[in-house]
Amino acid sequence: MVALAVMLLGLAAGPEPSEADVLAYGKSLDVHRIDPRLASEPLQSWVERTLGRGGTVTWGIRRLR
Amino acid sequence: MAERSPGESDDCAEGGGDSAPLCITAEVHLRPRGRVVLSIAVGSVQGGLGGRPALFFGTIEGLGPTEQVETGDLPGLAPKLRAARAVDARLSPLPDVPIDDDAWIRTVQQMPAAQLVPGHPAGTSFGDWIAARMGPRAHVTWSTEGCGPRGDPHRLETMGVAPDQDEWAFVNVALEDPDAHLLVRVRIGTCRKGIVGKAVASPAHLYDKRRHRIDQIPLDVLDAGIAEMRAPLPATTQTGASSRGRGAVTPRSTSGSQNRR
């Protein structure tokens, strides 16, 4: 939580977050915020638990350039 | 979430403008085949990270026909994936067949209306039934949708459909007269496997040209909906909002292959 707060403070200071920052932020998002019917859980672990068994997960970002 | 056509890809961050969303995408490669793509909006180009995250785009691909993962589907994603695997298990042993728009249209035209319209008595073909709904002035157009532009020898590839992917195939019938435009979509199978499974008709999309609004109307009450649409306009008419207890919907493009009959 502290690390996330530090990262967000760092993001606020710069004009554009790096890809690594976006990925770290996105993977740590609580899925309960995306759909209130889902229990609180980071997006990354929810994806891996729900879909990733026996498979591989590739993460990326989409951003206008 | 915006409605997307088969084969359409994740367009997060496209379209320009600072309000374009910023998305994180998880692509899950399943075993033995298939993949799930989830694109989650985590901010915007202008505002950076933050705001309420939302599912921007999602698909299940390579397990039978592509299935969209819509907003609200996430809690039921595991069962949806199991259903896709079941469809894949049923369809994958079948041989691929050429896309035959004319045969698909004929099949739907000749199908008993009772097969597509709940409660309809047997004895009438769907083609005859639907053609009679808006009266003799209506112009009837049959087309296919979902498998790319007709006449294109690489129509699925043109749509961006990978060799291991398939898409649902639809026959559309549109009726038009000076007052209204009616569209019904019938899912008849898939682009690679042809006619498979039970045909399923969508609710009719009825565009009332005088009131400038669209209603979705189940086929078994379509006559009532058309009759209501034909009713004289009140002295002051509000446009845009539905007052019939049915959902007003956004017009969707039907970029299918047309075949006027």
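User: What makes Asp102(B) and Gln110(B) count as exposed in helix 2 of chain B?

Analyst: In this predicted model, a residue is called exposed if 12 or fewer other C-beta atoms, placed from the backbone, lie within 10 Å of its own, buried if 20 or more do, and partly exposed in between. Asp102(B) and Gln110(B) fall in the exposed class, whereas Asp101(B), Trp104(B), Ile105(B) and Val108(B) of helix 2 (residues 101–110) of chain B are buried. Local features need pLDDT of at least 70, side-chain atom pairs count only at pLDDT 80 or more, and totals for chains, interfaces and linings use all residues; residues are numbered from 1 along each chain as its sequence is written, with chains lettered from A and ligands numbered from 1 in the order in which they are written.

User: How do you know that the buried residues line one face of helix 2 of chain B?

Analyst: The arc is taken from the directions from the helix axis to the C-beta atoms. Seen down that axis, the buried residues of helix 2 of chain B fall within an arc of 95°, so they line one face, and Asp102(B) and Gln110(B) are on the other side.

User: Why are strand 1 of chain A and strand 4 of chain B placed at the edges?

Analyst: The open sheet of 5 strands has the order 1(A)-1(B)-2(B)-3(B)-4(B), with antiparallel pairing. Strand 1 of chain A and strand 4 (67–68) of chain B each have a single partner strand, so one side of each is left without a neighbour in the sheet. Strand 3 and strand 4 of chain B pair over 2 bridges, and Ile60(B) has Glu67(B) as its bridge partner.

User: What makes a residue part of the contact between chain A and chain B, and how many does each chain supply?

Analyst: Residues are in contact if their C-beta atoms, placed from the backbone, lie within 7 Å. The contact takes 32 residues from chain B and 28 from chain A. Strand 1 of chain B gives the most to the side of chain B that touches chain A, with 8 residues.

Technical notes: Two residues are in contact if their C-beta atoms, placed from the backbone, lie within 7 Å. Helices (H or I, at least four residues) and strands (E, at least two) are DSSP runs, numbered from the N terminus. Two strands pair if DSSP finds at least two bridges between them.
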